[in-house]
Amino acid sequence: MIRWMYAFLAILPLLLGAVRADAGERFIVLQSTTSTQNSGLFDYILPKFEQATGIQVRVVAVGTGQALRNAARGDGDVVLVHSPADEARFVAEGHGILHCRVFYNDFVIVGPNLDPAGVGGLRDAAEALRRIAAAGREGRVVFLSRGDESGTHKKERALWRAAGLDPTAESGSWYREAGAGMGATLNMAAGLGAYTLTDRGTWLSFANRRDLEVLVEGDPRLFNPYGVMVVNPKRHPHVRFAEAKAFRDWLISEAGQRAVASYRVHGVQLFHPDVRCGDMPTPEARP
Amino acid sequence: MDELARAFGLALGLLVSGDRELYGIVALSLEVSLAATLIACLLGMPAGMALALFRFPGRRMLVVATSALMGLPPVVVGLFVYLLLSRAGPLGALGLLYTPAAMVIAQTVLVTPIVTALTRELGESLLAEYGDFLAAMGRRGLRAIPTLLHEGRHALVTVALAGFGRAIAEVGAVMMVGGNIRHVTRVMTTAIALETGKGEIALALALGLVLLTVALAVNALAHLTRLREAELAHARA
Amino acid sequence: MPVPELRLLTGGETPLLVAEGLTVRIGDHPVLEGLDFTLPPSGLTVLLGPNGAGKSVLLRTLQGLLAPVAGRLCWRDGDPPRRALVFQRPVALRRRVRAQLAFALSCAGIPRRARPARIAELLELCDLAPLARRPARRLSGGEQQRLAIATALALDPGFLMLDEPTASLDPAATLAVERLLARIRRRGIPLLLVTHDVHQARRLADRVLFLHRGRLREEAPATRFFTAPASPQARAYLEGRLLP
Ligand SMILES: Nc1ncnc2c1ncn2[C@@H]1O[C@H](COP(=O)(O)OP(=O)(O)O)[C@@H](O)[C@H]1O
Ligand SMILES: [Mg+2]
């Protein structure tokens, strides 16, 4: 009896493998960020693309930094991330081509609803961070950073620079680095009652908020543009260029933009279409 | 408390309703970890017995190495296999990264040292008991290995289950080399990490319950095997 | 010197083994030192000696498990005969009795088809037939000892050694093993038996080798050894006052 159970276990992988044998499919690997994945955007728009083209999109959701590093090694066909400066460098170094800005959303600073730092309602993100730092040094609040080189982390550091502060010197006290994805960081912030910077998309679809709420929004510096690029097939000949380009083209097409615009969480639109290809100055003044 | 109860309710609902995505994830987890365990056993058991049996220069180093590698963190294995399979890596041309095959490779790397080290320990105790007997029966050297594996079969099942338990529960390695791609490389542990990331605690808990059930089943099997082992093995007066 | 005497004993047959100057070390420790002795081609030889004398080491050397550092073993046919050794602790595999015998037969190179008949024969010979389907490790001490002997016999040995086979058995189990040894002896297989039981040695032995502290102190026909031991050590041993 036991012998039969083991025999069964030994051949189970073969059985399961046979059931799932769906090789020969056309697919691309998309290196992207946790924010797009966790917000549910991909689950909403990718089936539309797959239906239109028959190309399966396999999403690897990591931080922007890691997504770009993976893609630079050739481990991906197309990239969708949110860090304009890094994207520009990626293209300049010859790793990516056909770069376009495709949509944007914005960042918000969330924190405990009791708001001991008193930042609720501010429209100036830099001022908010200064107040959080001040309250933090008095031991009254904690700020939780992603600390993972993601697009959100890079944006947060830019905001600290704008506030004229370098909190990493105080890392471990009131400034804590999670080294985790957006969702995991929000979970921690909810548990700690800490302030953190998050993209609105992840925030709106995040289900475990406890007493966190949005305290700071609307600063132009909180603008969060996403860009798409195809991995350079001259560098990496195995790149499924036609399929990757098909995805990039669909994203900037009217159909793709409509799909992005129509994604809503609790009735709120998360991503705003905004196509710009070629040379792009970094506009700081968008809503 | 309320949250936990709600999560459990949802978890049970998902399990009972036979959610296709959930079952796909569970099936892939089993497939990958069983395949990895099987390969690790095919490699590690003869290797472990050979380590117990033979004295050769460098043996001590191998013994220490396998024991040390037993505790290798899965992410380190993941990173190593990622660098190997990445397009820029030595095996990049195979195009295996972000496929179930890559996950099987990573878990095999993770589990093989465990199987090897535990088999070596078992082999040494079997040799203390049967070494002279086998030599007197003309089963020396390599020819002793099949008999030792057979005599240790019940203990080896426990070894294999230990390896499987480690494989099915790890997240770091499969996350890195599989990429947690929906419908392709998403397994229970990476799905739990993702759902937790989305704050979908209930779904994460549902998967956790399945993982727990699998772990319980594995341990029940190990226990049954031990009972059977007792019948044939532990009957010395 | 011993050879003419042996001819007398064995009716002029060539000895199975002549050992000359046999010396065995374990580590740096000399365990056997310059042993000269002969083994007759049939009959039962008892190897006596206090604990730690080197009896088990001698058996393991004759079985080929230990290599002598000096001296020679001259077997009758040049090459050693097929030999089998029943260890001091009987070996019971994690299998059933039948399966253990089948394993031993496969070691002897007996083809699969021929095994059932040989198994039946061995079970019969060793009084194990009713236990054929029992797990080997579930047998009593006496039964395990008979299984170990049956396992050794499965090799169809031309020379059988037994290391204290009755050391931990009750009188009935001891008697069963002794009967079995007598049967084997009648089949013409030469036997070398280690025992501490002097009465048993008297009952079974045709010849005696007496070992003390790694040296051979006496080699004699059983009757003479037990009535008139030549060496002071053997005398002291039989009187129960020899220190190891
Ligand atoms: N594997 C071993 N390692 C070291 N010493 C051993 C080993 N086997 C036997 N000896 C030594 O050799 C001597 C003879 O042992 P043994 O032949 O087992 O004695 P006995 O006559 O009681 O069977 C003893 O002094 C014992 O300590
Ligand atoms: Mg002994």
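What follows is a walk through a predicted three-chain model, from whole chains down to single residues.

Some ground rules come with a predicted model: local features need pLDDT of at least 70 and side-chain atom pairs count only at pLDDT 80 or more, while totals for chains, interfaces and linings use all residues. Residues are numbered from 1 along each chain as its sequence is written, chains are lettered from A and ligands numbered from 1 in the order in which they are written, and side-chain values use heavy atoms, leaving out hydrogens and water.

Chain A first. Its secondary structure comes to eleven helices and twelve strands; these are DSSP runs numbered from the N terminus, with helices being H or I of at least four residues and strands being E of at least two. For 287 residues, a compact globule would have a radius of gyration near 19 Å, and the 21 Å of chain A agrees with that. That radius is taken over C-alpha atoms, and the globule rule is 2.2 Å times the number of residues to the power 0.38. The C-alpha atoms of chain A fill a box of roughly 60 × 60 × 35 Å along the principal axes. Buried residues make up 54% of chain A, where buried means under 20% relative accessible area (1.4 Å probe, protein chains only). Among contacts (heavy atoms within 4.5 Å) between residues at least 6 apart in sequence, 76% in chain A join residues at least 24 apart.

Chain C comes to nine helices and nine strands. With its 244 residues, a compact globule would have a radius of gyration near 18 Å, and chain C has 18 Å, which agrees. Its C-alpha trace spans about 50 × 40 × 40 Å along the principal axes, and 55% of its residues count as buried. In chain C, residues 24 or more positions apart account for 68% of the contacts with a separation of 6 or more.

How do the chains meet? Two pairs of chains are in contact, and chains A and B share the most contacts. No contact joins chain A and chain C; their closest C-alpha atoms lie 15 Å apart.

On to the insides. A nonpolar core is a set of buried Ala, Val, Leu, Ile, Met, Phe, Trp, Tyr and Cys residues joined through side-chain atoms within 4.5 Å. The largest one holds 108 residues, and C:Phe37 and C:Leu160 touch the most other members. Helix 5 (residues 100-136) of chain B gives this core its largest share, ten residues. Beyond its neighbours within four places in sequence, C:Leu160 is in contact with residues including C:Ala84, C:Val86, C:Ile184 and C:Pro190. Apart from this core lies another of 44 residues, among them A:Phe49, A:Ile55, A:Leu204 and A:Ala244.

Helix 3 (residues 97-107) of chain C has buried residues including C:Val97, C:Leu101, C:Phe103 and C:Cys107. Their cover includes helix 5 and helix 6 of chain B, together with helix 4 (115-125) and helix 5 (141-153) of chain C. Just after helix 3, C:Gly109 takes a positive phi of about 80°.

B:Glu151 sits in helix 6 (residues 144-151) of chain B and is buried, with a relative accessible area of 1%. Not counting residues up to four places away in sequence, B:Glu151 touches B:Leu126 and B:Tyr130, plus C:Leu93, C:Arg94 and C:Arg95. B:Val157, found in helix 7 (residues 153-169) of chain B, is buried too, at 18%.

Technical notes:
Buried means under 20% relative accessible area, exposed over 50%, partly exposed in between (1.4 Å probe, protein chains only).
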